[in-house]
Amino acid sequence: MNMEMTASGGNLLLPVCVVLPFVGALAVYGIGRRNKRLRDMAANMVALAEFLVLLWLFLTFGKTGRQWFVLPDFGGVGLYLILDGFRALYGLLASFMWLVTTVFCGEYLRSYHNRNRYYLFTLFTLGGVMGVFLSGELMTTFLFFELMSFSSYVWVVHDETEGAMRAGGTYLAIAVGGGLVMLMGLFLLYTGLGAGAGGHLWTDELMLQVLSRSSYRYLLPAGVCLLIGFGAKAGAFPLHIWLPKAHPVAPAPASALLSGMLTKAGVFGVILISCGMFWHNRIWGTYMLLLGVVTMVLGAVLALFSVNLKRTLACSSLSQIGFILVGIGMCGLLGDENAAAVRGTLLHMVNHSLIKLVLFLAAGVIYQNLHRLELNEIRGFGRNKPLLQMIFLAGALGIGGVPLWNGYVSKTLLHESLVEYGTLLAEGAAAPLLLTAGQMRAIEWIFLVSGGLTVAYMAKLYVCIFVERNVDLEKQKAYDAMKGAYLGRVNGCLLAFCALLLTAAGLLPGVLMNPLADMGQSFFLAEGSAPVVRYFSPGNLKGALISLSVGGVIYLLVVRLWMMRAGAAGREYCNRLSERLDLEMLVYRPLLLRILPFVGGVLCRIADSLVDTLVILLRKTLLRDSALPYELPEGTVITHVTGLVLDHFVYWGRRLRSLGKEEKPVYGRRFEHRLAVLHSSVSEYNTAISRSMSFGLFLFCVGFLLTVVYLLVYYYF
């Protein structure tokens with residue numbers, strides 16, 4: 001690859017996929033300053049054009065194969081884009097989701113302010129996402145990853161409420177911190193690999209570069225840094241804190257993209273690390289498996305206890321990212337026999353993206369009509385609304401892993417990979433490194449119970465919105481009166497189509513889902529042939545039935561009996577999870593805003609005292625102070641001597657003029673005093689200037705300019 005990609009060129013449609021959203025965003029913003037309706041149409045056309053370009057690349061990939069585009073001098077580091085099966089698939093999926101949400105915004109954003117700004121940064125984010133998925137070199141990945149993170153920040157703070165600004169601060173802190181740590185990982189990786197082949201870290205040859213050139217003392221720290229950066233955007237524990245905060249305050253179409261696509265950009269990076277740098281590394285695979293288990297369970301528990309619709313869906317995304325991380329961990333543990341894990345991971349990424357598109361947009365329909373998200377407020381809204389009920393139910397059944405819906409297919413493959421590795425350990429075919437057969441059996445049950453928790457919290461949402469009546473009878477009458485006016489025709493058709501996709505993929509996995517897995521399998525460096533999976537065999541159905549049974553029990557015992565309490569008008573949902581258990585408020589903010597500044601202050605005081613003590617000790621012993629003959633009452637030696645000279649000069653001048661007169665001039669010390677006062681005034685001004693920020697910036701600019709001049713002279717002469 002490095003021999004091919006030495007000059008600019010390649011498929012020009014690849015840079016079009018990245019540049020089109022940025023150019024379109026500026027055009028849409030300019031149009032929106034004059035005509036709002038024309039702006040909506042222009043935004044739809046940009047999204048449609050992007051989708052058509054990616055659809056063409058997807059459909060022709062089988063004939064053209066792997067494609068590339070290189071612009072070596074771009075930004076000093078180059079722009080390297082590649083299209084393979086996985087990138088073609090996820091590029092098409094991203095463009096489809098942007099098209100659906102952009103069209104959906106035409107109706108949804110009518111009551112919102114700053115719609116021009118929303119469209120501008122939405123299309124900017126699309127360009128960033130495309131750049132990430134099409135990137136063929138890690139520095140290109142980093143460039144678009146950061147661009148994506150900063151542009152999507154505007155989604156979170158769009159409403160500009162106190163809650164939105166606070167959530168935006170959390171999101172931005174995680175994005176900036178993760179980006180800096182990721183950059184440090186890239187520097188370590190460049191050092192460990194000797195700057196790679198030709199000075200670059202090619203994403204599809206990362207494994208070969210690591211095996212041939214790696215200095216392993218840099219490899220693990222670099223991998224951990226990159227995992228922190230990518231994992232923060234993916235929403236992996238413990239950097240998941242932005243997910244439950246950002247989704248409830250962002251507009252519903254933005255929430256669908258945050259959950260369904262931006263988290264997958266983070267997963268994209270995690271796959272590059274796990275299947276590239278740590279290819280078939282069982283220690284790294286074990287760590288990813290355990291990280292996935294914690295993320296999976298934590299997200300499911302948070303979703304179960306949440307009483308806010310979009311927060312529940314956000315925590316659900318956290319849990320589903322955990323399922324995906326479990327699959328990535330199994331890719332490393334199973335080695336050459338990881339085909340089931342690879343296909344399950346890939347398909348669950350695709351399924352989760354489509355499911356959250358449906359669920360968040362359905363939540364957007366509810367918020368658009370009620371401007372409420374609390375379960376007790378929206379309770380009963382979906383009664384007598386069969387279209388919305390069908391749409392939401394398709395997403396709920398899909399994410400719950402119910403047979404005949406798409407989520408069941410990917411969860412079955414992930415479960416099969418767990419069972420396969422546990423069997424290998426039990427039979428001695430795989431030597432236990434960190435996990436035993438018994439521990440793998442326990443992880444399998446945690447996987448199934450987490451699936452049950454998913455069923456429980458989705459049942460909670462469905463029953464609350466579509467089955468139960470609101471305790472406020474007047475509200476329920478108003479909800480029932482919205483039969484045909486709650487959802488526009490265009491948005492209704494869009495959501496119905498997306499819901500049918502979920503059902504069709506579950507009914508025909510061999511026709512619709514297996515080809516997608518075949519197309520993207522090579523991105524994971526999977527070498528084994530595609531496994532023959534009988535999705536509806538008794539053994540596979542057994543796992544789904546266990547999760548469904550566990551979910552039913554948890555729903556009855558936890559949701560119906562414990563999470564509901566008697567209110568003034570009837571039984572209401574209540575949050576049994578204390579807000580004090582918020583990881584951000586409990587750990588991160590106290591640590592960063594209180595503990596670290598306090599500890600740093602104490603250490604600085606100790607260091608300052610030690611330095612003072614050392615100086616005093618030296619002055620008392622080796623560097624004793626020399627006794628001064630006298631202490632000047634004011635000024636310095638220079639002002640004292642200069643003043644004396646001037647005073648004597650004045651005195652003798654007056655004496656010469658008074659020759660022959662009876663009165664003789666009196667000697668005075670006026671100049672010495674004046675010079676001492678002037679010196680004190682100048683010293684005060686100098687101190688004030690030297691301690692000012694402006695003076696510091698001025699000196700920095702002067703030094704920077706001198707450095708630039710020196711480099712230019714050195715370079716050219």
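Visitor: Which residues do ring pairs link into a cluster?
Guide: The cluster consists of Phe86, Tyr90, Phe133, Phe268, Phe523 and Phe524, linked by ring pairs. Keep in mind that this is a predicted model. Its chain has an average pLDDT of 84, and 89% of the residues score at least 70.

Visitor: Where is confidence lowest and where is it highest?
Guide: The lowest mean, 60, belongs to strand β1 (residues 9-10), and the highest, 93, to helix α15 (residues 386-399). Over residues 1-7 the pLDDT is below 50, though that stretch has 19 contacts in the model beyond near neighbours in sequence.

Visitor: How many aromatic pairs are there?
Guide: The count comes to 27 aromatic pairs. One of them joins phenylalanine 145 and phenylalanine 230.

Visitor: Why is phenylalanine 145 called buried?
Guide: Buried means under 20% relative accessible area. Phenylalanine 145 has 2%, so it counts as buried. Phenylalanine 230, at 3%, is buried by that cut-off too.

Visitor: And why is the pair of phenylalanine 305 and tryptophan 562 edge-to-face?
Guide: Their ring centres are 5.5 Å apart and their planes are at 85°, so the pair is edge-to-face. Phenylalanine 305 lies in helix α11 (residues 282-305), and tryptophan 562 in the loop between α21 (538-560) and β4 (564-566), so this pair ties together parts 257 residues apart in sequence.

Visitor: Are those two residues buried or partly exposed?
Guide: Phenylalanine 305, at 13% relative accessibility, counts as buried. Tryptophan 562 is at 41%, between the 20% and 50% cut-offs, so it counts as partly exposed.

Visitor: Which residues of α20 are buried?
Guide: In α20, Pro509, Met513, Ala517, Met519 and Gly520 are buried.

Visitor: How do you know that they are on the same side of α20?
Guide: They cover an arc of only 165° around the axis, which puts them on the same side of α20. What covers these buried residues includes α2 (36-64), α3 (85-108) and α13 (339-370).

How values were computed. Residues numbered from 1 in each chain as written. Predicted model: local features only at pLDDT ≥ 70, side-chain atom pairs only at ≥ 80, totals over all residues. Heavy atoms only, no water. Phe/Tyr/Trp six-rings, centres within 6.5 Å; stacked < 30°, edge-to-face > 60°. Buried < 20%, exposed > 50% of the residue type's maximum accessible area, 1.4 Å probe, protein only. Helix = DSSP H or I, 4+ residues; strand = E, 2+ residues; numbered from the N terminus. pLDDT = per-residue confidence, 0-100. Contact = heavy atoms within 4.5 Å. Arc of directions from axis to C-beta.
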